Each structure stands twice: as C-alpha cells, then as structure tokens.
Amino acid sequence: MESAALPVNRSKGAAPSFLGQLLGFNVIWAVAFAIVGYIVAHWLGGKIGANIAAEQNPGGTDQDDIAILLGLFGSIIGWMLGLGFFNYPLKRMLGRAPSLHEGVDSSTWRYFRLCTDHKVVAMQYLVATLFFFFVAGLNAMFIRTELTSSNATLFPAGNYLTLVGLHGTMMLTMMSAGVIGPLGNWLVPIMIGSRRMAFPRIESLTMWLTVLAGFVLLSATLLGGFPTGWTGYAPLADQARAGIDSYLVSFLLIGIALVLVGINILVTVVTLRAPGMTWNRLPIFVWAMVTTSILAVLAAPVLAAALYMVMSDRSIESTFFISSSGGSPLLWDELFWFFGHPEVYILALPGFGIVLEILPVFARKPLWGYRMAVAGMFGVALMSFMVWQHHLFMSGINANLRPFYMFTTELISIPTGLIFLNGFGTLWKAKIRFTVPMLFCLAFFFNFLIGGLSGVFLSDVTSDVVTHGSFFVMAHFHYTIMGGLVFALMGGIYYWLPKMTGYTINQALGKLHFWTMFIFFNLTFFPLFAAGMLGMPRRVSSYNASLHTLNVFVSIMAFCLGLSMLIFLGNLVWSLVLKRERASDNPWHSKSLEWQIPTPVPSYNFEQIPTITGDPYGYGLPEAPVVDFGRRGAVAAGEAGA
Amino acid sequence: MSAHDGVVIEPEGPETLGANISVGARLWASAVAFFFMAFVFAFFYLRALNTAHSFREPHVTPPIGWGVAILACVLGSSVIFTLGRTRLGDGTDSQWRLASLASLVLALAVVALQIIEYYNLSFGASDGGLASVFLGFTATFGLFWLGAVYWIETIWAQSLRGERAGESDIANTSGLLRPSADGCVVYLYTLGIVEIFAFVLLYLVK
Amino acid sequence: MSIAPEKVGRDEPHHGRNIAIIWAIATAIMVPVIIWVVGPHIPPGSLTDDTRAQHAVDVVLTALSIPLLMLVWVYLGYAVINFRADPASGTIVDGPPLRSNTRIQATWLIVSAVLVVGLAAYGTVDLLTENGAGGGQGSNPLAKPSDARSALQVQVIGQQWLWTFRYPGYGGVETAQLVLPVNREIEFHVTSLDVVHSFWAIELGVKADAVPGADNIAYVKIFRKGSFQVRCDELCGLWHGHMNTTGHIVSGSAFNSWIHATVTKYAAVTKYLPPYSLTYYPIPTRNAT
Amino acid sequence: MRVRLLAVAATFAALIALVAVYVVYFLESGPPAVAAVINRDGSASLTLQVVGSYGNHPFPDWVSYLVKDPSGKWRHTTIWKLPAHELVHVTVYQFDSQTGLRNNFLAQVRGTVGGVATYTDVGNTGKGSGLPPYNNTSLSVIPPSEPAHTFTVPDLDLSVPLVGISDSTSNVCAVAPCPMHFAHTTISFSFRTPGAGTYRWQCFVPCAFAFLYGFGGPMQTIGYMDGLLEVA
C-alpha cells in the first residue's frame, strides 16, 4: 500500500530563496521570540505573584521569583516557537499523519533551525558544546587569576562565586552533552547502519534546548549571579538572588535534554540496527552511548524533581529544604547526589567508549576483551546508582550507612579497572601508530589512573575526613573528567572530524596541542592534590598564605593550559575554515562502518541499508568481513525495499 | 550533496516507526517513574526527619473528597482508553473513537478537578513538609498528565481524520495508530500507578 | 600504502617477563620510598588521634596504589617503546588478532575483587576503631570513644559567616574563640543557624557538616598544645572563603581558667542566649519586620 | 581564502570584545574604595550611615551602608581605606528600624576601645521595651531585640550592634542619603586597626527583606551590607 511507506528522505527540491529562509522558522526568530516570551511571561508572573504572595514578594525587590521563573519559561516557549518546534505537535493535534522529515535541504540555513538530519544536528551540537566549553574554560582562567592572591581582592567576592558556579555548571552540563550530542548523534546511526535517529525532531529539540540552557545560565550574570557552585546546595539556593533561577532553569533544560537524548539513542540502537548488526557486533562506542543513555534516562528525572522543589521553595514559598518548617537541607543533598553520581559517569562512560573505539584502529589489533568491556560499562552504570552517599560522608546522615557506601564505592573500581585491562590487552604486541587521536587515548589511561586512585582516598571514610570538599576532590574530578573525558573527546574530535566535516585536521598542530595540554594539565592539577590535603577548601577566594606559592604556580600552569586550548581552537580554524584540505574516505585505515562510506557522508548515509557481516575490529585478519553494502552485490534494490 | 541526487533510496516500512514508539514509550515511562520517585522519597524522608515537628501541621488535611475524585478520573481515563484500544484491534472503530473521546474528557476533568482542589485547600505551601510535598507532587503530576491529555488527543484526532478520509483505523498503519495507542497505554498506566501512590501517601497515610 | 599481515615466525622477546621484572623493581624501590621517605610528610600530621588515623590510612593507601600506578605506567611505557609500528615503512602492519584470554580476565577480576574487599574491610574496621576518625557522624555515632561520657562537649554553630562555640558544661556560654584542652576527649556537636556549612578543623583532622536542624557529632583527642585553623568546607554564600578562625589548644588548667574567665566576662550576654539545645530552629524569616 | 580569513578575524575581534564587556560589566563590577578622614594626630574618622531602604537605582528597597568621603559627601560604597596601627573613630547614623538578632551572642560590643559603644537616640521616641531613649549611653551589651544591624569585622573580633529606631516612630527616612532630621540612632565607638591587609566586614542581623533567613540580597552584596576594610 502506498501510504504505508514513510518517506525518509524526500527528493530535495530547490531550497527556498534567501528571503524565504530568513522569514521561515530559524534561530533569529527564536532569539526574538525568546525575548518577547520572557517579557510577556514576566509581566504575567508579576500579576500572579501579586495575587498569591502579595506580602512575601513586594514589587521592587529582585526577589520576584514567580515573575522571573515564569519569564524564563516563557523564553523557552518563545525559543521553541521561533525554531518551529510547535508546528509538528499542532499538526498532530489536528490529526495529521506522523512524519520524520523536516528542514532538510542543502542550504546553510539548515544549521540554524530545526533539522532532522542527524549529521546536521551533530554538527550543531559540536559547535554549541565547544563554544560553551570555551566560555567555561575562560571562567576557569578568571578563577585562577583570582587565586593568584591569597586574600580575595581582584574580583568582588560575590562575582567570584558566580564565576565558580558558571564554570562548574557550564562544564558539567555542556560536557554531559559534549560527547553524546555531537559524536553520539553523528556516529550511532552510522555505526549501526541506520539512516536516522529514532526520533529526529526530538534529537533536534535536545540540541536547541542545550544551546538555550547555556545562554540561560549565562543570564545569571544579569540577574545578580548565584553563590552556590554547580551543586546548588539548598537552602543557600532558596536564599540566593534571582541569578539562581537561571541556574535552576538551565539545569532543568539540560536534564530534559539528557532524558530525551538518552531515550533517542536507546530506541535507535534497539530498533534501527542494520541486518546482521547483532549485539555482539555493536561497536564499543555504541555500547558506551547505550550505558550513558541509561544513566541519563534514569538519573536526570530525579534532578528535575529536585530542581522543581527549589523553584517551588523560591516562588510559592514551600519548605522542602527549610528545617524550621518541616523540610531538610539533607533532602537536596540526597536527591542531587542521586543524580550527581550517575552524572559523573555520564561524563566518564563516553570517554571509555571513545578510547576503546580508537585504540584498536591505531594498535592494529582487535579490541581485546570486548564482552568484558561491555560488562564493565554496564557494571559502572548499575553501580553508579548505589554509591551517591559517599558525597555525604561528613554531612551527618545516619553513620551506619557509611561502611556500605564505602564498600560500593570501592566496588565500582572493579568494572572501571576492566576498561584498563581492555586497553592493555589491545596494546599487547600491537603495532601502534602515534597519531594525534592515539596520543590522546594513551594519555587518557595515564590521567584516568591518577583520577581513579585518588578516588580510593575519597572512598575511604577515614581519609575522606581530610580530603572531603577540599581541593583534593577538585583535583580528583578534574583528573577523571578533564583528564579522562576531555582528553578522550579531543582524541575523538581529531579522529572523527575529518569524516564529519570532510576536511583533514592538521596533525603537527594537533601534536603541539596534545603535548602542551598533557604537560600543563598534569602540572596544573597534580599540585592541587597537595593543596587540598594541606587545608584548602573548594570554592574559596581566600586561603592560607602558606599555600600562596603553590597557587601561583598552579595559576601559571593553568594559563599555559588555556593557551594549549587556544592552539586547539587555532587548529580547528586553520584546518576547517582556512586551509580546507579534502579528507579521504578512510584516512586511518579503520575497519569500522563509518569509514567505509564516502566522505562527505551523503544525507541518507547509505544508498541501501547495509548488511553487517562482522564486528568492526577484525584487525590482523586482512580478509575479515565487516559489511556488505549490497550496492555492487547481487541484492537488487527492489527486493530490499519490498 | 547534489552529486548523490538521483540515487534510489528504498522506503522505510511503518513497523520501524511503530517499534520506535513502543520502545520509546516504555523508556519515557521509566523516566517519569524516576521523577516521581523523588517526590515519594521526599515524602518519606521529610516524614522520618520531621524537623521542628513541622512535617504535618495540624491544619494540613488534604481534602480527601477531591482526592478520590481525581484518582477516579485518572484511573477511569486509563481504563477506558485501554478498553478502547482492544476495540481498535477488533475492527469496531466507532466504539474505539467513543472510548478515546470519553477517556479524553475524563483526562481533562482531572486537570479541572486539580485546579478546583487548589482553590479549596485549607493550607498553603509554607505550612510544613507535607504541604510542600502535596503541592509539589500534585502540580508536577498535573504537568505530566497534560502530556497524557495531549497524547490521547492526537490519537483521537488522527483517528477522526482517518474516518473523514474513509480510512479504517485498522488499515491506518501509516498513521501508526496502534503502536501510538499502545505507547499511550503504557504511559497512562505509569501515571495511574503514580497517582495511586500520591493518593495513598498524601491523603491516607497518617 | 597497503595493509599487510604481520610477518610471523620472528623471535619475540618475552614481553610479559620483561614487564614483570621492571614492574617488580620499580615497585620494590617506590614502596619503601613512599612509606619511609614521603610517608612522614603526608598531611595531616600527628596532633590528634584522628590525624594519626588519617595519616596511617593515607600512607597505606598511597603505598597500595604504587604497585597499580607502576603496573600501568610500566606497561604503558613498555608498550609505547616496544609495540610500535615502524613509521618508516609505508605499509600498515596488523598485530596478532588476539580477542581475549579467560585466564587473564579471571585473574584480573579476582585480584581486583580481593583488593576491593580488603580495602573496604580495612576501612570499616578503621572507622569503628578510630571513633569515626574525626568525621561528622550524625546524631547517633557509629563509633564512640570509650571515654565519651567524660568528654568535653563543645557545640559548633555555623552561621553566615561566623563560627561560634558553646560549652554546655559551663552554663552554655557562647564565644567566638575555640579553646580546647589537651589530652581530653572532645565531643563536637556541629549545627547551623541558616544554610549548610562544614566545620573543618584542619590540624585536628575534624570535619563535619553544619546542617540547620541537625546535630552532627565528631570526636577528637588532642595530644599537644598549639593552635589550629578552622575553615568552612561547604559553600555557604558570599564570605564562605573567609569563614575561618584560629583555635587554641591549652593545658587542662589553662583551659579551666580561660573558660571561667569567659563565663564571667560574657555573663551579661549569656543570659540573652536561648537554652542550650542540640539544634536550633530560627524563624526562616523572609519578612524582616 | 581572503574572505574567510577576514571572517575569522572579525569573529575573533567580536569575541574579544564580548570578553572585555564580560570582564568590565560583570566581573569587575563593584563599588569603589573611599578613604576615611585622617585627623591631625594620625587617627582616622569614619562616618557612616545605615538606611533601611536605599531608595535609588538599582535596588531601592535594599538596606545599605553609606560612607562620608573626606570632602563631606555621602558615598554609596562599603570598601573603606584605613591607616594601619591607628585609632579609628567611627560614628554611625543608623536610620533603620529594629529587627533583632538571630544569634544573640552578637548583642555584645566587642573589640572596641573600652569594650563599649555610645548610643544616642535622635528624634526617636523610645524603645519598644518602654525604656527611655538612649542619650549618650555607653553600653557593652544591648537587648538582642533592639539591633537593626551590626558592624562586625570577624577577623579583628570587632562587633558593634547598631540599635534600631522604634517601630512606632513615624519620622522614617526612605531614601539615601538620609538627612539628620529623620529619626535615627547615633552610635560612636573607636577601635585600633591591625597591620596592613584587607579585612572583610558584614552585618549579622537578618535584615534583608524578602530573602530566606533575611540573609540574601543586600546581605550578600558588597556595597550594601558587606564590605572590606583596606588597611594600609
């Protein structure tokens, strides 16, 4: 029957004219409508607030949280309206049949609006997350500038706290979208032999919500900043100025985006695998995305609920976190860290996936212990829901719980250790090529080991008494997240960007970037373990004068690390914008599916859905089959389509 | 990319999209369940701590009449929709459309009743832990319930449009009515269980 | 460039044996260095029973982490040097197609499981025998010192942004100075009047969150006279980084005379204080009237 | 190539400009420092007023400190420059009404010369407690319900509760700077500055209207109820 066929890729007619594109739904309208939405909803919120909380929220204070929160939600609605996200739901409400296709044409405009091509969304994600990564990195530079003096004077103390909060929140939120967004959306469909993600519109929505989340977070600087850091501890969050509303809404947007992107990836992997793509042949990167998605789908809703409670405390003056009125600050601690610990594995697992995916290519060996790697990732994902109270060892919760959480926390090092064994097995008698991606992967093991071993100190309650909440923790999670995830992400960018963009990336600049980043990363963060043990709490702008020399040294190293990131940026600009050297289809001689298709990848990915005949790690067996595209083979197009 | 134009792309069968919706609905339901788990946790946690002996102020008594009415409408809407879904397979399209409409009306009644209940509360959000949990739980439930209202409405609207076009719902595979309705059933039952939890905790537990 | 299989039949050195030897030597050198050379300098010193416990754990954990660190570093270094492709040749050579090895995987799992269970057991025993090692144990401590009944009780009150201290044994007098006697068990009751703070007496090895409406108990016994820093360890607002003070450890008799002088000096304000209580519930005013 | 190069350069310049805006208008945004008046004998005089509502842009209903600069003009800042190892004579005109302390421990005067401060009610009909108005009264402890604010430098162990005007007073100043004909309490005390350094000071009365525990907003903003003593 004719109507049974869903058009996946309509034949592309001529793209609308420039004026047509400009007047259609795009990010320009989104920005305009977001501002209008804020103003309208703020006005409305002011009216509502005056009715239900007249005496609590007198006009004139900037504590008119009902108006500000509603304004921020209004801007979300305006933003989505301008991008055209309400068109399809309205059509569905009118009973129109579902479709999978919107905004795909060959014009540059598709990068500035709702587009259902997963490769376009991935590139949007890459630019957005890297942009916010650099913004957050810049804030880190300012933090280190302040810390060159032991007694806070450079920036006003409140601004310093906002700086710390912006850096932390933006890094955490943008980096949790930083792999699953660009690389996940780009690679997962292609790696499993699909033409699309399961829900292309939701895919685009998550990307645009992530962008909005970044700007909403930055709007905190206009609303008085927020003093809570990325952990948003209540009741300080209840008490803070309106800048915290930006934090809450921004984090809520990221939470929603995480849930949706997780569902999308999981559904895609479950239902859209090509014939022959059995679970045993799934690339390890896809497994990493699957486990990350499980965490995102289950953990982020708890965060959303907790954020709702803070909003409720701030606007209608409920008392979830106010102990004098039947609430408790510990409720926030529990809910936040129930999300927060899976969240750190949302940040770690993609790194495992990238590293284990790249390692076989440059070791010229199959991934060693594939099943164990998958088991390890699932082990980490499962265990991460059972360890959160190690963040609360000193908080005065029931002391009898501690041995259990100490045990589970240490237990989680077993599945993590498996990843190391995978790496080592793969490197055994390998034929290593020291390309830039490979260097980043090797550095991942170096850094993540230090991060992991320092985690053992934090998991032991006795040792944690010293290190809890100090710069030791700060160094620990920078070793795992920056030394782990960001190094892996850099490796992934150098590895896949030629495929994604069609242009080669300069290897010499890449090596310079790698060596400076590796050296200055370690010189920046290793001394901070000592700073923590010697009594420097996190998020302070003033510290004991005896730690001054150490901090000045760290600051200088951090500035060098910042310069290294500028080399990276320069390399991207040079290679992708200025030089523009065409990349070949398979420059790394990989056996993985994404390298077997043409560069640049056509919008439909595969002329015909391929048949997978082996896993992508058949190195050492030159004839090991990986995929049958069928285009030159015997399968006729008509038969496949029937 | 125009170089690739003219390539014949084989179309995708509707069963893939059906599978997408089916798996996606279950995952979404699990996310929703974890969301409300936070409120259930908040209830028990604050009740156990009972800081300043202010978890349950004496005058914080949620009106059980409205609670029963809301619970009945939620469960009624879910059950009627499910019954209608079985008719969708039988080929009795008119009964299915009637059932989905009835379900939609009951679903809207939930929202209306919730709003009326808020106007009849004897307490405000600042009146202790239970009052906070009550307002947070019911309000967020209402938000998610609006999602269910939207979902029922799209299925019903699509079915109506199909009728006008002379298309039977069973044959309406391109519209994916059946997988969509299946997904909606999963979501409705998840919310139904959440509402039972809400009712027991907020109205019954002393 | 062409892709060629590895030439077989070449004499391979015994990589496994080489790595094991280098690892053993490196570990044998580094572990004693860590324990006897670096160990004594690892914070937080030996001023109290808590810091002694913490120091012992830190030395044990550092020493234990050395073999792991060496394993990874030696292996990585060895692999980078020995398992490299010949960059001069234009041919890409594949390594042997090894997929897995059950024995190695099982050994790895068992060894790491034993390590983890051992660590957890060690940590738990340590926690029980060291009276919570100075960490805040909530209102119902898991491990109490044997002389807890005769301990000096000191309430630590966090507020934005000042630490004050009440001595319930001396009429609940409140001061902004923390003075403690040497060689006597001390029982801290940490609480807060507004947001969450964390009481960190750095040189004492004591850390406990100050949570409004909650009582958080930590024990310490100090062995020498001297002074120590107190800092706030949980972000609490504008002056979080400045919420510090210096505490003093004095002899028992000096403490007695200090506390009696303080009681006399502060009598006028002590009569205005609320009765001593493990928690306080200030009105969560949003309306200053 | 040239067009792309120009585009890159323009983008780069725009980003630098954005960063500059960020630094100037957000990061470095804070009140200026004002020097105390230096007397002939080397001691310093600091004249302050505390108002219940600042009355001006950007936060008209926030409580705030103001300081008189050497030219006799009221300035809205809380960063004050003082000489090191010198006596500082402080006079505070306190125009706000009573709030009461959260921690009554801060009801005492600590760290001043003589351990006392001198209180005088001006145009203020009396205390809520029915006690007569203060008239050049030296006190070391005041009833904890009376303070409107405190002036506290924790690092110097200096703390002076600032008595508020009675709630029944009608002659209340609403816009800073407040002229002296409005009801106020005059508090004067002296303290000795330590060596050079920067010392933070704050108010300990939960006086921030509409913020939880009365401690948000102006209580956490330098320029209102928090500030720095730059001793040099």
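Which domains does the domain assignment give for chain C? I started my notebook there and found domain 1 (12–89 + 103–129) and domain 2 (148–270); such bounds come from an automatic or database domain assignment.

**Ground rules.** I am looking at a predicted model, where local features need pLDDT of at least 70 and side-chain atom pairs count only at pLDDT 80 or more, while totals for chains, interfaces and linings use all residues. Residues are numbered from 1 along each chain as its sequence is written, and chains are lettered from A and ligands numbered from 1 in the order in which they are written.

**Two domains of chain C.** I looked up the centres of domain 1 and domain 2 of chain C, taken over C-alpha atoms, and they are 38 Å apart. Eight residues of domain 1 of chain C are in contact with 11 residues of domain 2 of chain C (contact: C-beta atoms, placed from the backbone, within 7 Å). On the domain 1 side I noted two nonpolar, four polar and two charged residues. Here Ala, Val, Leu, Ile, Met, Phe, Trp, Tyr, Cys and Pro count as nonpolar, Asp, Glu, Lys and Arg as charged, and the others, Gly among them, as polar.

**Chain C overall.** I found five helices and 12 strands in chain C; helices (H or I, at least four residues) and strands (E, at least two) are DSSP runs, numbered from the N terminus. The radius of gyration of chain C is 28 Å, well over the 19 Å from the globule rule for 289 residues, so chain C is more spread out than a compact globule. That radius is taken over C-alpha atoms, and the rule is 2.2 Å times the number of residues to the power 0.38. Along the principal axes, the C-alpha atoms of chain C fill a box of roughly 95 × 45 × 30 Å.

**The sheet.** Next I traced an open sheet of five strands in chain C, with mixed pairing and the order β6-β12-β11-β8-β9; two strands pair if DSSP finds at least two bridges between them. In chain C, β6 (179–181) and β9 are at the edges with a single partner strand each, so one side of each has no neighbour in the sheet. Helix α4 (residues 252–265) of chain C packs on this sheet and touches β6 and β12 (245–250) of chain C.

**Strand β9(C).** Is β9(C) enclosed or open to the outside? Five of the five residues of β9(C) (residues 206–210) are buried, so the strand is largely enclosed by the rest of the structure. Buried means 20 or more other C-beta atoms within 10 Å of a residue's own; exposed means 12 or fewer, and partly exposed is in between, with C-beta atoms placed from the backbone. In a regular strand the side chains alternate between the two faces of the sheet. I checked both faces: Val206(C), Ala208(C) and Ala210(C) are buried on one side, and Lys207(C) and Asp209(C) on the other. Strand β8(C) (residues 197–201) pairs with β9(C) in the antiparallel sense over five bridges, and Asp209(C) is the bridge partner of Ser198(C). Four residues lie between the strands of this hairpin, where Gly205(C) takes a positive phi near 70°.

**Other chains.** Lastly, of the five pairs of chains in contact, I found that chains A and C share the most contacts. Chain B and chain D do not touch, with their nearest C-alpha atoms 12 Å apart.

Technical notes: Contact = placed C-beta atoms within 7 Å. Axes fitted to C-alpha atoms, helices over the stretch in contact; angles between N-to-C directions.
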